[in-house]
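Welcome! Please take a moment to look over the model below before reading on.

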Amino acid sequence: MRCLLLLLLLLASPGLAQEQSWTVYGESAGESLGYSLAVTGDWDSDGVVDLIVGVPNYDDAVPDTGRVMVRSAKTGVTLLSVNGELTGDRAGRSVAALGDVDADGVMDFAYGTPTRSVGGTQSGGAVVISGSDGSVIHSWEGATPYGVFGFSLANAGDLDGDGRDDLWVGAPNEDPSGPDSGAVYAYSTGSGGILRVLSGANPGDKFGFSLCSIGDANQDGVPDLLVGSPDESVNGLAAAGSARLYSGADGAFLGAWFGVNANERYGTALCGIGDRDGDGRADFAVGAPGSVSCQIGLNCGRVELRSGATGGLFLGIDGGPEVSLGASLTALGDVDADGFCDLLVGAPECLIGGAVFLFSGQSGALLGVRQQEAEQNASFGYAVASLSGAGASGAPQWVASAPFRDLGGSNDHGSLTVYSDSIQLGEVFCAGDGTAAACPCGNTGQVDHGCSNSDGSSAHLRARGSSSVLADSLTFEAIGIPTGQPALLYTGVNKIQSGQGFTFGDGLRCAGGAVFRLGVQFSGLAGEALWASPFPSTPWTSGTTRHFQVWYRNNPVTACGGGFNLSNGYSLVFTP
C-alpha cells in the first residue's frame with residue numbers, strides 16, 4: 001500500500017475538525033519560509049501566542065544571509081524582522097524562544113547561523129536577539145571548520161540561577177571524539193559564558209542534530225535535555241540513530257534509546273509531552289522517519305512516547321509504507337479530553353507534498369490529518385508547532401510550514417499555515433450580538449454573528465486561505481443562513497457608522513462605499529454558502545483594507561418583517 005492509499009484511509013477515519021485560519025508565503029523564490037518554527041509569547045497582546053519563523057535562504061544585500069521573523073499567529077503579520085549579517089550565514093536554520101533575558105519587558109529569542117564562516121569555513125554561530133528592537137544581546141561563534149555550530153537550538157531554562165532562560169546550542173559536525181562526532185553547548189544569556197559541554201562518543205554520530213528541553217525528568221528542579229543523533233550507527237546499523245537524556249543541572253547522563261534498523265534515523269525529531277503517567281517527571285517523544293516497523297524495506301516512520309523516569313515505552317505509533325512519519329513533532333494538548341497530551345506529527349515526505357497527523361497520546365488513535373494541495377516536494381509538515389500548551393484541552397490550534405512550496409510558478413517561496421477553530425484571518429466587526437448597533441426588533445444574534453433570522457439562527461461570515469494578492473487562494477464562508485436562500489457576498493471600502501452599522505431589513509448593514517458584488521450562492525442544507533478564489537475583477541490590491549458582508553433572503557416567515565438579513569461585517573488587510 002502506497003502513501004496515497006494510506007492517507008486516503010486515514011482521511012476517512014473519524015477526526016477533529018480544524019479550520020485553516022490563514023496562510024502566508026515567502027516574499028521571494030528560494031527563501032524557504034518556515035524552515036524552522038518556535039512559539040513565543042503574546043507579543044502584540046491580541047490574546048494569541050505568536051511565532052518565531054526562520055527563513056534561512058533569504059537573500060538580503062548578499063546571498064543566503066537568512067532572516068528571522070516574529071509573526072502574529074492571529075493574522076500572520078510580521079511584528080519584527082532581523083536579517084543575517086554575512087553571505088552564507090543562513091540565519092534561521094534554527095530558532096528558539098527565550099524569555100525576557102535583557103529585562104526590558106519584551107520577550108527575546110535566539111537563532112542559529114550554522115554555515116557562518118567567521119571562526120572557520122561553516123564553523124557556524126548563534127545569536128540572541130532583543131525582542132524590543134532587534135539588537136544583538138549575545139553572539140557566539142563556532143571554532144571548528146564545517147562544525148555547523150548553531151545547527152540546532154533549545155531553550156534551556158534557567159541553568160545558572162540568574163532568573164534568565166539560557167540556551168542549548170548543537171554543533172553536530174564538530175570533532176571532540178573524532179570527525180563529526182558532534183557537541184552540544186549550554187550558554188548563559190546573562191553572562192554569555194559556557195555553562196555545560198556535552199560531546200558525542202563516536203566519529204560520525206553527529207550528536208546534537210536535534211535538541212529538546214523536555215522539562216524536569218529527574219526531579220532536581222532543573223529542565224533536562226534530550227539530544228538526538230539520527231546519523232549514529234548502532235551495532236553496525238548505519239544511521240539507526242539515538243536519543244540521549246542529560247541532566248540540565250550538571251550534564252549527567254540519564255539514559256539512551258536507539259533505532260533498531262539501518263537508516264531509521266531515530267532521534268530526528270524530539271519533544272516533551274508533559275507528565276504522561278502522573279509520576280511528577282517529564283516524559284518525551286522521539287521521531288524516527290526511516291523506521292520500517294510497518295513493512296520491511298519501506299520508510300513507514302515511527303513515533304515513540306517514553307517515560308522520563310525509566311525510559312520505558314508508553315506507546316509506539318507507526319506510519320504506513322512511504323509515510324516517513326516523525327520528521328517533526330510537537331505536543332498538542334489534550335485534544336480529545338481523555339486526560340493525556342496528544343501529538344502533532346509531521347511527515348513532509350509523505351505523498352507528493354507532505355502531511356501532518358494528529359494522534360491520541362493515550363492510544364495512538366488517529367484524531368485527524370491535514371494536507372495542503374498536492375505540490376511536489378513542498379514538504380508540508382517540515383516544521384510544526386502548537387499554539388496550545390501541553391496541558392491545554394479542547395479544539396487544537398497549531399501551525400505547520402511547507403518551506404519548499406512554490407508560488408505563482410516561482411520555486412521554494414515556502415509557506416506557513418495556522419489551523420484553528422477560533423483564530424481568524426481577518427477581523428469581525430458590526431456583529432448583531434449587542435456589541436454594535438441594536439438589531440431592528442430585538443432579534444439579537446450569536447457572538448460574532450449577524451442579527452437573528454427567520455430560522456432563529458444568525459449568519460456568521462469568515463475567511464480562510466491567504467490574504468496574499470499573488471497567492472489568490474482566499475475563500476469566504478457563511479454559516480447560519482436559512483436553507484436554500486440566495487446569499488450575496490459584497491465588499492466595500494468603509495465601515496458604516498464607524499463599524500456600528502445601521503438597521504437594514506432584519507439586520508445591520510456594516511460595509512459600504514464603492515460596493516462591489518462578488519457573487520450569489522444558494523445556501524446548503526446546513527445553511528452554509530461558500531465563495532472561493534479566483535474572484536472576477538477583484539477590487540483589492542496589496543496594502544488595501546476591504547470590508548465584507550453577506551446579504552441573504554429570509555424564509556417566508558421573517559424575524560422582523562424585512563424579508564432579508566445580513567451577516568456580521570468582516571475586514572481584511574491584503575498583502576503582496
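What follows is a short tour of salt bridges in this structure.

The model is predicted, and its salt bridges come to a count of 13.

| Salt bridge | Distance, N to O |
|---|---|
| Arg90 and Asp64 | 2.9 Å |
| Glu85 and Arg116 | 3.2 Å |
| Arg302 and Glu304 | 3.0 Å |

Let's begin with Arg90 and Asp64, whose side chains meet at 2.9 Å. Arg90 counts as partly exposed because its relative accessibility is 28%.

Next come Glu85 and Arg116, which pair at 3.2 Å. Glu85 is found in the loop between E5 and E6, and Arg116 in the loop between strand E7 (109–112) and strand E8 (125–129), so the pair joins parts that are 31 residues apart in sequence. How do the two partners stand, buried or exposed? Glu85 counts as exposed because its relative accessibility is 52%, whereas Arg116, at 10%, counts as buried.

Finally, look at Arg302 and Glu304, whose side chains form a salt bridge at 3.0 Å. Here both Arg302 and Glu304 are buried.

Terms used:
Residues numbered from 1 in each chain as written. Predicted model: local features only at pLDDT ≥ 70, side-chain atom pairs only at ≥ 80, totals over all residues. Heavy atoms only, no water. Salt bridge = Lys/Arg side-chain N within 4 Å of Asp/Glu carboxyl O. Buried < 20%, exposed > 50% of the residue type's maximum accessible area, 1.4 Å probe, protein only. Helix = DSSP H or I, 4+ residues; strand = E, 2+ residues; numbered from the N terminus.
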